[in-house]
Amino acid sequence: MEPAPIPLTSAPAWPGPTDGPRCSFANPGGPRRPGFVSVAFAPEGEGGGPTDDPPAPPPTSEAPLQPESLQPAPAPAAPTGLESFWDGEKGALKVEDLAKLVSDDQARRASIPEGPDGYKLELPAEFKLPDGLTFEPADTPLGQSVRAIAHEFGLPQAGLSKLLAAYVDSQAKEHQQVAADIAAEQAKLGPNRDARFTAMDGWIKANLPDHHTILAKRLPVDAGLFQAVEALIARANAGIPSAIGGGGEAMSEEAYFKSLFKN
């Protein structure tokens with residue numbers, strides 16, 4: 001025969017939160033019977049009742065992370081070969097600058113002739129030669145070598161024209177310098193230098209073999225040498241026989257030049 005359930009009126013009053021023992025519902029001993037409630041009391045602070053303190057965390061072998069050990073992620077680095085197109089503040093490529101580089105390179109490649117013979121030895125339109133000088137391109141071995149080198153290194157036509165302009169400009173300046181030096185030497189011969197040139201040219205052509213007529217063109221470049229040859233001509237005209245006529249018995253060319261310096 002099962003015991004009768006305890007009426008609610010016969011149960012002791014529940015203690016408050018601070019007075020009296022705490023209680024918890026449990027079923028110490030055997031199994032719980034239907035319709036029957038077992039009540040177990042425990043002194044305050046003991047037993048399985050709720051407490052104000054949170055449960056302690058489970059033990060761990062790893063030391064907790066300290067704030068000072070947390071470091072920011074490193075900034076992204078520029079791709080190799082694209083350092084000049086890298087924006088360090090944004091950590092990204094300068095896409096517009098890179099796109100312009102590709103576009104310019106494509107335009108340059110499009111202007112490269114298919115072969116060396118496709119290049120033209122022409123000066124840029126903006127290049128101006130000094131007054132009195134002209135440029136006439138010729139198909140010389142040098143020009144052929146320049147075309148071959150330009151094609152080997154992928155130089156566009158505009159690049160070859162600029163290189164040619166630099167070469168022509170240097171040659172023009174050199175020509176101007178030589179002309180200035182010749183004018184300075186000729187000025188040393190005085191105001192009648194043109195008449196002296198004519199007289200020397202005629203004497204050389206009349207008294208020397210043809211392959212020596214080049215002297216008439218070279219002597220005016222050096223005033224000192226010109227005056228020396230003039231003195232030799234004056235001495236020859238004073239009585240030394242000529243190698244090709246013009247007075248006296250003809251002699252060999254070697255004997256003639258020896259006679260000029262016998263005294």
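1. Terms first. Buried means under 20% relative accessible area and exposed over 50%, with partly exposed in between (1.4 Å probe, protein chains only). The model is predicted: local features need pLDDT of at least 70, side-chain atom pairs count only at pLDDT 80 or more, and totals for chains, interfaces and linings use all residues. Residues are numbered from 1 along each chain as its sequence is written, and side-chain values use heavy atoms, with hydrogens and water left out.

2. Overall layout. The protein has 7 helices and 4 strands. Helices (H or I, at least four residues) and strands (E, at least two) are DSSP runs, numbered from the N terminus. Along the sequence the pattern reads β-β-β-β-α-α-α-α-α-α-α. Of the 263 residues, 17% count as buried.

3. Helix 2. This helix covers residues 141-152. Its 12 residues should span 16 Å at 1.5 Å a residue, and the end C-alpha atoms are 17 Å apart, which agrees. The expected span is 1.5 Å times one less than the number of residues. Just after helix 2, Gly 154 takes a positive phi of about 65°.

4. Faces of helix 2. Gly 143, Arg 147 and Ala 150 are buried. An α-helix has 3.6 residues a turn, so residues three or four places apart point the same way. The face turned away from the buried side carries the exposed residues Pro 141, Leu 142 and Glu 152. Helix 3 is included in what covers the buried residues.

5. Ser 161. Its place is in helix 3 (residues 157-187). Ser 161 is buried, with a relative accessible area of 6%. A polar atom of its side chain lies 3.0 Å from the backbone oxygen of Glu 122. Leaving aside neighbours within four places in sequence, Ser 161 is in contact (heavy atoms within 4.5 Å) with Glu 122, Leu 123 and Pro 124.

6. Nonpolar cores. A nonpolar core is a set of buried Ala, Val, Leu, Ile, Met, Phe, Trp, Tyr and Cys residues joined through side-chain atoms within 4.5 Å. The largest has 13 residues; Met 200, Trp 203, Ile 204, Leu 219 and Phe 226 touch the most other members. Helix 4 (193-207) and helix 6 (223-237) are the elements that give two or more residues to this core. Helix 6 gives the most, with 5 residues. Apart from this core lies another, of 5 residues, among them Leu 121, Leu 164, Ala 165 and Val 168.

Technical notes
A polar contact is a pair of N or O atoms within 3.5 Å; within protein, one must be able to donate a hydrogen and the other to accept it, and residues adjacent in sequence count only if both atoms are side-chain atoms.
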